[in-house]
Amino acid sequence: MARELEIGQSTISRHLRELEEAVGVPLLSRTTRRVTLTEEGARYYASSMQILRLVEQANDEARGTRGAAAGTIRISCTAAFGVLHLSRLIFDFQDQYPDIGIDLNFTDERVDLVREGVDIALRLGPLTDSSMKLRAVGECTRLLVAAPEYLAMRQTPTVPRDLAQHEGIRMSNVAGSDTLDLEDPSGQRYAVSLGGRFRVDHGLAAREAFVAGRGIGPAHLWLVEDLLATGQLKTILPNYSLPTVPLNMLIVPERANIARVRLLVDFLVEQIGRIPGVERPHSRHRVPGGLRRQE
């Protein structure tokens with residue numbers, strides 16, 4: 001921190017001690033190895049960030065349209081989607097608004113947006129943080145895939161129960177990845193166990209495992225669409241569908257009305273809806289049917 005601010009470490013330490021004396025509680029926990037925020041310090045930091053954001057928003061509103069297309073936006077995004085798709089969209093956005101800076105962070109962790117100073121987060125899966133503004137971006141189509149080389153060594157599955165005889169590629173950071181929920185055209189659902197020797201917590205690593213012929217597994221269409229088009233991967237059990245996964249945008253409420261943030265939110269919602277495998281939000285209804293478990 002001292003290096004970034006170009007001031008001495010002793011000056012920072014003195015200011016922190018003065019701040020702790022002013023508020024009357026320890027804000028940092030100090031040991032010989034590390035310095036971390038106390039619980040009171042974390043709350044103080046979050047509240048301070050909210051105040052600073054409100055000041056920034058007030059400055060933008062005072063400047064009017066002159067300040068609309070300038071400043072920095074901080075974004076957090078699911079890693080694989082960010083690398084394959086969001087980066088390119090950000091480049092297009094900055095070509096339109098060259099005075100807007102983007103601070104982009106890729107992680108599959110559910111970070112505290114306020115504490116980390118994030119304005120917008122793109123996340124896959126259901127979200128429960130009611131303190132943030134939520135905007136649905138789309139529903140992500142998934143399908144079963146494998147490499148032709150893998151299928152040449154093993155018999156291609158023709159019904160869900162055949163998957164039990166195959167190597168599965170599973171996501172260790174996705175709850176329930178050991179079971180596939182498949183649905184046939186009539187609406188009949190099948191819960192199929194998926195085993196295998198390879199588990200991974202990153203979509204790009206799963207993509208590489210598919211191409212390397214390590215097994216069969218579910219994948220987002222946006223993750224493998226190019227590989228399917230070139231024949232590097234093939235769709236398995238194409239007549240059976242997997243549940244879609246919601247892609248949502250979380251927006252820090254205090255940042256939602258800042259002009260440049262609104263510009264980016266609207267831009268991303270429009271452009272992400274054009275990515276293959278991301279359906280625009282709509283009501284989805286599954287045909288009623290019993291769930292048949294196949295081991």
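**Exercise 1: Strand β14**

Work out why strand β14 (residues 245–251) counts as largely enclosed by the rest of the structure.

*Solution.* Step 1: recall the terms. Strands are DSSP runs of E with at least two residues, and helices are runs of H or I with at least four, both numbered from the N terminus. Buried means under 20% relative accessible area, exposed over 50%, and partly exposed in between (1.4 Å probe, protein chains only).

Step 2: apply them. Of the 7 residues in β14, 6 are buried, so the strand is largely enclosed by the rest of the structure.

Before you go on: this is a predicted model, in which local features need pLDDT of at least 70, side-chain atom pairs count only at pLDDT 80 or more, and totals for chains, interfaces and linings use all residues. Residues are numbered from 1 along each chain as its sequence is written, and side-chain values use heavy atoms, leaving out hydrogens and water.

**Exercise 2: Partners of β14**

Find how strands β5 and β6 pair with β14.

*Solution.* Step 1: two strands pair if DSSP finds at least two bridges between them. Step 2: β5 (residues 120–124) pairs with β14 in the antiparallel sense over 5 bridges, and here Ala121 stands opposite Leu250. Step 3: β6 (residues 133–140) and β14 are also antiparallel, over 7 bridges, with Arg135 opposite Met249.

**Exercise 3: Aromatic pairs**

Describe the pair formed by Phe81 and Trp222, then the one formed by Tyr190 and Tyr240.

*Solution.* Step 1: rings of Phe, Tyr and Trp (its six-membered ring) pair if their centres lie within 6.5 Å; planes under 30 degrees apart count as stacked, over 60 as edge-to-face and the rest as tilted. The whole structure holds 4 aromatic pairs.

Step 2: Phe81 and Trp222 are edge-to-face, at 5.1 Å centre to centre with 85 degrees between the planes. Phe81 belongs to helix α4 (residues 79–96) and Trp222 to helix α8 (residues 221–229), so their pair ties together parts that are 141 residues apart in sequence. Phe81 is buried at 1% relative accessible area, and Trp222 is buried at 4%.

Step 3: Tyr190 and Tyr240 are edge-to-face too, at 6.0 Å centre to centre and 75 degrees between the planes. Tyr190 sits in strand β10 (residues 189–193) and Tyr240 in the loop between β13 (234–236) and β14, 50 residues apart.

**Exercise 4: A loop residue**

Is Gln165 buried or exposed?

*Solution.* Step 1: locate Gln165 in the loop between α6 (148–153) and β8 (169–171). Step 2: its relative accessibility is 59%, so Gln165 counts as exposed.
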